[in-house]
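Trainee: I would like to learn how to read the features of a model like this one. Could we go through them in turn?

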Amino acid sequence: MSTVIMWEQQLGAPYAVLLNATAAYCLDYDDSNAARVQRSTVSVILTALEEAEAIGNVTPNIRLIVLAIGYELALRFDMGFGPDGYDRRFHNTSVIWNYGAVVTTSKLRRLNKLVIEASSDSTLSKDSGST
């Protein structure tokens, strides 16, 4: 069971994630700057909240640290990627912020460095359309 944030009710994880993500997209204005293409609240923050709740005994401090790591990595990746991705037919949000979500999930699950690298590489490859 997972929490639907706006209702403070528990539903099955797929339904809660769908409702939370839909609400977050509706309220998400962080992609209004053409120079920075972001949907961080949806991809990274909701992933951190859902994974921490699914795992169970994750302290608030660990949640914040892991969220900061995933968010920071995605921001840095975004700065390097820039707005030119659309010119190359990439959808920046799916490539950049899914990467941050994978790192966030991996750190919450305490996966080792090799597994995190493999998961990140696989995600970037799939999201970029090369697999």
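Mentor: Begin with contact, which here means heavy atoms within 4.5 Å. Keep in mind that this is a predicted model.

Trainee: Which residues does Ser 106 touch, not counting residues up to four places away in sequence?

Mentor: Beyond that range, Ser 106 touches Leu 111, Ile 116 and Ser 119. Ser 106 itself sits in helix α4.

Trainee: Is Ser 106 buried or exposed?

Mentor: Buried means under 20% relative accessible area. Ser 106 has 3% relative accessibility, so it counts as buried. A polar atom of its side chain lies 2.8 Å from the backbone oxygen of Val 102.

Trainee: What is the overall pattern of the chain, read along the sequence?

Mentor: The pattern is β-β-α-α-α-α-α, with five helices and two strands in the chain. Of its 131 residues, 36% count as buried. Among contacts between residues at least 6 apart in sequence, 51% join residues at least 24 apart.

Trainee: How should I read a nonpolar core?

Mentor: In soluble globular proteins, nonpolar side chains tend to be buried together. In this model the largest nonpolar core has seven residues: Val 44, Ala 48, Leu 67, Ala 74, Phe 81, Ile 96 and Trp 97. Helices α2, α3 and α4 are the elements that give two or more residues to this core.

Trainee: Which element gives the most to this core?

Mentor: Helix α3 does, with three residues. Leaving aside its neighbours within four places in sequence, Ile 96 is in contact with Ala 74, Phe 77, Asp 78 and Phe 81.

Trainee: Which residues form a nonpolar patch on the surface?

Mentor: They are Ile 5, Met 6, Trp 7, Leu 19, Leu 27 and Leu 49, with about 620 Å² of accessible area together. Trp 7 lies in the loop between β1 (2-4) and β2 (9-11). Since exposed means over 50% relative accessible area, Trp 7 at 52% counts as exposed. For the whole chain, the accessible surface comes to about 8000 Å², of which 60% belongs to carbon and sulfur atoms.

Trainee: And salt bridges? What is the general idea, and how many salt bridges are there?

Mentor: Side chains of opposite charge can pair when their charged atoms come close. The cut-off is a side-chain nitrogen of Lys or Arg within 4 Å of a carboxyl oxygen of Asp or Glu. By this rule the count is three.

Trainee: Where in the chain are the partners of the pair formed by Glu 51 and Arg 109?

Mentor: Their closest N and O atoms are 2.9 Å apart. Glu 51 is in helix α2 (residues 40-55), whereas Arg 109 is in the loop between α4 (92-108) and α5 (113-127); the two are 58 residues apart, so this pair links distant parts of the chain. Glu 51 is buried, with a relative accessible area of 14%.

Trainee: What separates Glu 72 and Arg 76 in helix α3?

Mentor: They are four residues apart, which means about one helical turn. Their salt bridge has an N to O distance of 2.6 Å. Glu 72 counts as partly exposed at 36% relative accessibility, and Arg 76 as exposed at 53%.

Trainee: What about Glu 117 and Lys 113?

Mentor: Their side chains meet in a salt bridge at 3.9 Å, N to O. Within helix α5 they are four residues apart, again about one helical turn. Glu 117 is partly exposed at 38% relative accessibility, while Lys 113 is exposed, at 61%.

Technical notes
Residues are numbered from 1 along each chain as its sequence is written. This is a predicted model: local features need pLDDT of at least 70, side-chain atom pairs count only at pLDDT 80 or more; totals for chains, interfaces and linings use all residues. Side-chain values use heavy atoms; hydrogens and water are left out. Buried means under 20% relative accessible area, exposed over 50%, partly exposed in between (1.4 Å probe, protein chains only). A nonpolar core is a set of buried Ala, Val, Leu, Ile, Met, Phe, Trp, Tyr and Cys residues joined through side-chain atoms within 4.5 Å. Patches are made of residues with over 30% relative accessible area and no salt bridge: like charges are joined within 9 Å, nonpolar side chains (Val, Leu, Ile, Met, Phe, Trp, Tyr) within 5 Å. Accessible areas come from the Shrake-Rupley method with a 1.4 Å probe; for residues, only the protein chains shown count as cover. A polar contact is a pair of N or O atoms within 3.5 Å; within protein, one must be able to donate a hydrogen and the other to accept it, and residues adjacent in sequence count only if both atoms are side-chain atoms.
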